[in-house]
Amino acid sequence: MRIASRIENLPPYVFATVEKRIAAERARGVDVISLGMGSPDLAPPKEIIDALYKSALRPDTHGYAGYFGTPALRKATAGYYGRRFGVELDPDTEILPLIGSKEGLANVALAFIDPGDIALATDPGYPTYRMGALLAGGESFPMPLTREKGWLPDLGAIPSDVLRRATLMWLNYPNNPTGAGAPLGFLKQAVDFAAEHDLLICYDNPYCDVTFDGYVAPSILQVPGAKEVAIEFNSHSKTYNMAGWRVGVAVGNPAAIEALATVKTNIDSGIFRPIQDAATVAYNGDQSWLAERNAIYQRRRDVVLDWLPRVGMSADKPLGGLYVWARVPQGQQCEAYALEMLEKTGVWMTPGTAFGQFGEGYLRLSICIPEERLAEAGERLSRV
Ligand SMILES: Cc1ncc(COP(=O)(O)O)c(C=O)c1O
């Protein structure tokens, strides 16, 4: 047996490794408080679950559900983008439902990266941006995000020889892991830049409806002309507490959507119909519960921000997302510190380097656990 070099050169997915490590600690009897993954711990509203159940009871919803998503889900996506962002989308050519947005993030690389091509990826950033490029036989080039620059990439700093080989540019705001938002002015600059350098912008927007302090996150498709150069990924995972259901969507440039669909039709066979029916209800239904849900996350965020200084760490207030991006105590390396804290306190925090080399010096703390447990994590850490 010979495993392909493309896999041998790929590091294991960091959260898969961590999941095993935490399971081992728990098996040893440690009461681990994991501030690791951004997996929403609250349930979707009953009407969404009812829609799943009702659809699953039907005898005709268990076969292959089609490659391009149901017309009803595509129409509901268009309705949501119209109401939420004022963005008009053609349900037939500009919308493609996905088996969770991560599936689309990886598959779009197969559609746009040939060996030798480069994906520009924000660093720190969601690992799939880099890994998708590697899986496709290409490379990724990091665009550093720093506090000084408001966690936005400096597009002017990308070397011209890199730009010549680049086909994709990844952007993600509200940003995982930093929690920063991107002003529309920056998105406009990015659209102009992509047009000038013949790039496809992949705008990853799963946290657009998980925001705090009244912040309303934009879609890149609000920028005039964005549809010429961009697709946007969105997801039910974080917005509707449906991470395990696996349903997301790609929207925007029709040629890019078609290329992604060509990859997908050769790899998967669509989304389970009852999940699509429930996802349709989620988009069409009353959205007012999201404000209450976000208030819960905001309180959790504030619990963490409150104890960070007591444990020698600090962070900017995140505008959105499910994380606090905290500076490690001075003089510490993030990975060694995270492992030391797991060992000494049973609290797991993700080292910033899991998101790329420019994550050094930071830890990402997820707020997907109840306030009491977040407070207990702070107490345990402050005892060290
Ligand atoms: C920035 C970002 N993009 C995409 C995803 C993938 O979301 P999903 O595949 O559940 O839609 C995540 C999940 O944590 C994320 O943080």
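Ala, Val, Leu, Ile, Met, Phe, Trp, Tyr, Cys and Pro count here as nonpolar, Asp, Glu, Lys and Arg as charged, and the others, Gly among them, as polar. By that division, the lining of the largest pocket holds 11 nonpolar, nine polar and six charged residues. The model is predicted: local features need pLDDT of at least 70 and side-chain atom pairs count only at pLDDT 80 or more, while totals for chains, interfaces and linings use all residues. Residues are numbered from 1 along each chain as its sequence is written, and side-chain values use heavy atoms, with hydrogens and water left out.

- The side chain of Ser235 places an N or O atom 2.6 Å from an oxygen atom of the ligand.
- For Ser101, the distance from a side-chain N or O atom to an oxygen atom of the ligand is 2.7 Å, and for Arg246 the corresponding distance is 2.7 Å.
- The protein covers 93% of the 400 Å² of accessible area that the ligand has on its own (Shrake-Rupley method, 1.4 Å probe; for residues, only the protein chains shown count as cover).

**Largest pocket**

- A pocket is found on a 1 Å grid over the protein atoms alone, as an open set with protein on both sides within 12 Å along at least five of seven lines; a cavity is a set of points where a 1.4 Å probe fits but cannot get out, and lining residues have an atom within 4 Å of a point.
- The ligand sits in the largest pocket, in the sense that more than half of its atoms lie within 2 Å of the pocket's grid points.
- About 500 Å³ of space lies in this pocket, where grid points are joined across faces, edges and corners, and a volume is the space filled by probe spheres set on the points.
- Its lining comprises 26 residues, of which Tyr13, Met37, Lys102, Tyr126 and Lys238 lie nearest the centre.
- α2 (14-27), α5 and α9 each supply at least two residues of this lining.

**Second largest pocket**

- The second largest pocket holds about 310 Å³ of space.
- Of its 16 lining residues, Pro11, Pro12, Tyr13, Val14 and Met131 lie nearest the centre.
- α2, α5 and α6 (127-135) each supply at least two lining residues, and the largest share, six residues, comes from α6.
- This lining divides into 10 nonpolar, four polar and two charged residues.

**Backbone features**

- Tyr173 and Pro174 are joined by a cis peptide bond with omega of about -5°, and Pro174 lies in the loop between β5 (166-172) and α8 (184-197).
- The peptide bond from Asn176 to Pro177 is also cis, with omega near 15°; Pro177 lies in the loop between β5 and α8.
- Asp198, although not a glycine, has a positive phi of about 55°, and lies in the loop between α8 and β6 (200-204).

Technical notes. A polar contact is a pair of N or O atoms within 3.5 Å; within protein, one must be able to donate a hydrogen and the other to accept it, and residues adjacent in sequence count only if both atoms are side-chain atoms. Helices (H or I, at least four residues) and strands (E, at least two) are DSSP runs, numbered from the N terminus.
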